[in-house]
Amino acid sequence: MGPIGYIVYLFPVLTAAALLYCFAWYWQATRPPVTKKIVREGPKRFSFAGTLHPMERKDALPLLVITAVYALTAFFNLGSMKAPQSALDFGNGESRTFTLAQDAYVTKLWYFPNLGTGSYNLEISSDGEHWSTLWLGTDENGVYYWADAEGYAPSYAMDQNYNQLFKWVEIKPFNAQYVRYVRITGWADKDLLELGELAFFDQDGARIPLDPEQCVLTQGDASGASINPLVDEQDTIPERLSFTNSTYFDEIYHPRTALEHIEGVYPYEISHPPLGKLILGLGIRMFGMTPFGWRFMGVLFGVLMLPLLYLFVKNLFGKTVVAACGTALLAADFMHLTQTRLATIDTYGVFFILLMYYWMYRYLALPAGTPFGKCALPLALSGLAWGLGAASKWTVIYGCIGLAALYFIGLYQKLRDWPGETRQQRTAWCVKILALSVLCFAVLPCVIYFLSYYPYAQAKGDTSLSAWFKVMWENQTYMFSYHKGVTDTHPYSSRWYQWLLDIRPILYYLDTPAEGQTIRFAAFVNPVVCWGGLLALLALAVRIVFRRCGKALFLFVGYLSQLLPWLLIGRITFAYHYFPSILFLVLALCYVFHEMIEAAPAASWKPAVYGVTGGAVVLYSMFYPVLVGLQVPTWYTTCFLRWFPSWPL
């Protein structure tokens, strides 16, 4: 790194200094005057009860603008809406032969694996009698050769491993050959081995046009078919291979599982509950098994988090400016964007965590003595959201620990503060609320969880209750042992204490399309949200102790319930495990914004509130290329984005 390259280290220093200055001003503005005797403000006892501030007409514009702008940035460059949809099954050692319209000089090929794992024996011939097989050479470069098939074992040069499914795979033969006839034989690990599409390239690197009506199958179950499924979707072949037309990172698991649920195949990935993949599959049903299709629902849920958070913040603090700034902070968070664009199940878990805490707050904020009928709906919806979240990913259970703590604290407060001396009425209310809670937070989630396993039982061919329960229970024991045993090392793993300061992002994708150019993206938190949120959490802790503030306690418990379990977990962890905690970092910053506005005139708080929010938006714009995979010069990432040596940017 040259002298100019060190300019990158100014950015974290300036960001941290600006945040510290804002919080120093915040403490100065909100502390009691020196001449005033310092006493505890607010109620003498903790209470969650308070005013639920409603939405107003003036909230519509900022909410719509922030959501719309974020949606445009989130869906941009999401992925291709074209990918091979038809496939041929080569399971059970099936062999397929087809003829090209004319001789072609082939130097390399691409293929698009579908469901199933195994390998293929790929043979070519110019006359239909003498065949050469593609096999992996033994020289130091591991190059591929076309060789006489006699005397060779079936070739495994054309693999279809679990990490190659639904992505274009390239093979570069060492010695090019004239091709007229192509024969493919499958060697499946199990019964299923589907191949989606083939593409051949000549000596100039140009794709050889293939007419599916002329490349007729002459061997196999599909012989004589008017359309050859291996070359019938040539318009789906991309110009170059990238994440926009293929799976990447953990997308090799979840979209595949979603498709297996759709097609009634017992899934390969069973390390998480099914509901997240079932939701993901809705996008596949709408847009096909394409990158856009398998990523669509995640981005949609990420967009929907914004109006939900806006509503939550408005209910909490009643200020449009706080709700707008808080929503902008979540929209500008790096991990919120990158993680929701990745077709995994984390997004759905985080969405339901936000939803279940929102409805729990709606219930807790009701004053003691509120009739059971008005308490029932928010409590039931909180339980419903918890059930949906738990059926999507187990990490939602961590959030439920905090939810349960808040529920019992709130129950105690409502019974303690019950108005009048209507002891019988209070007892009757308590019995009904406890019964409803058991129904909503125990029975209903169990039913949802059980129902989510229907695709497993259906794929097994037995949907009786006993078989259904058996397959569900077996999966629980498997998931527990699986996650307990995930101890492999990973170059981008990180521990919980690194998440607090944004020290070690996880790199999801890296490509070098040209010299001096890079395409990459990683999952990490916007430094303004990460560092500012941590300072805001310290403020919450102070307010809990000295002002006995119920809102501060609510948000602090929510944050701890997502973080503390990771202190005890020995399995390998990554930065994206901090994703649910980001919700509470944003809410903590909103709490501070609210206190700033309450304590100081507009001329004083506007620079701080708008400055923090604007700073997050500026960083979002600055880092946007490495959040969505845009091609940028390597000097840009080196000189402006690699704030720490541990950031893979």
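## The loop at Phe166

Phe166 sits in the loop that links β6 (158–160) to β7 (169–171). Its phi is positive, about 60°, although Phe166 is not a glycine. Phe166 is buried, with a relative accessible area of 1%. The model described here is predicted.

The loop between α15 (527–546) and α16 (550–563) holds Arg548. Arg548 counts as partly exposed because its relative accessibility is 25%, which falls between the cut-offs of 20% and 50%.

## Nonpolar cores

The largest nonpolar core has 181 residues. Phe312, Tyr357, Met360, Tyr363, Phe554 and Phe623 have the most contacts inside it. Helix α5 (residues 291–317) gives the largest share of this core, 16 residues. Another core, of 29 residues, lies apart from it and includes Val179, Leu193, Leu210 and Val231.

What does Phe623 touch, leaving aside its neighbours within four places in sequence? Phe623 is in contact with Phe334, Phe524, Leu641, Trp643, Trp647 and Leu649.

## Ser95 in strand β2

Ser95 belongs to strand β2 (residues 95–106). Its relative accessibility is 15%, so Ser95 counts as buried. The side chain of Ser95 makes a polar contact with the side chain of Thr185, at 3.2 Å.

## A nonpolar surface patch

In soluble globular proteins, nonpolar side chains tend to be buried together. Some nonpolar residues here form a surface patch instead: Val438, Leu439, Val443, Val447 and Leu451 make up about 410 Å². Val438 is placed in helix α11 (residues 423–451).

Notes
Residues are numbered from 1 along each chain as its sequence is written. This is a predicted model: local features need pLDDT of at least 70, side-chain atom pairs count only at pLDDT 80 or more; totals for chains, interfaces and linings use all residues. Side-chain values use heavy atoms; hydrogens and water are left out. Patches are made of residues with over 30% relative accessible area and no salt bridge: like charges are joined within 9 Å, nonpolar side chains (Val, Leu, Ile, Met, Phe, Trp, Tyr) within 5 Å. Accessible areas come from the Shrake-Rupley method with a 1.4 Å probe; for residues, only the protein chains shown count as cover. A salt bridge is a side-chain nitrogen of Lys or Arg within 4 Å of a carboxyl oxygen of Asp or Glu. Helices (H or I, at least four residues) and strands (E, at least two) are DSSP runs, numbered from the N terminus. Buried means under 20% relative accessible area, exposed over 50%, partly exposed in between (1.4 Å probe, protein chains only). A polar contact is a pair of N or O atoms within 3.5 Å; within protein, one must be able to donate a hydrogen and the other to accept it, and residues adjacent in sequence count only if both atoms are side-chain atoms. A nonpolar core is a set of buried Ala, Val, Leu, Ile, Met, Phe, Trp, Tyr and Cys residues joined through side-chain atoms within 4.5 Å. Contact means heavy atoms within 4.5 Å.
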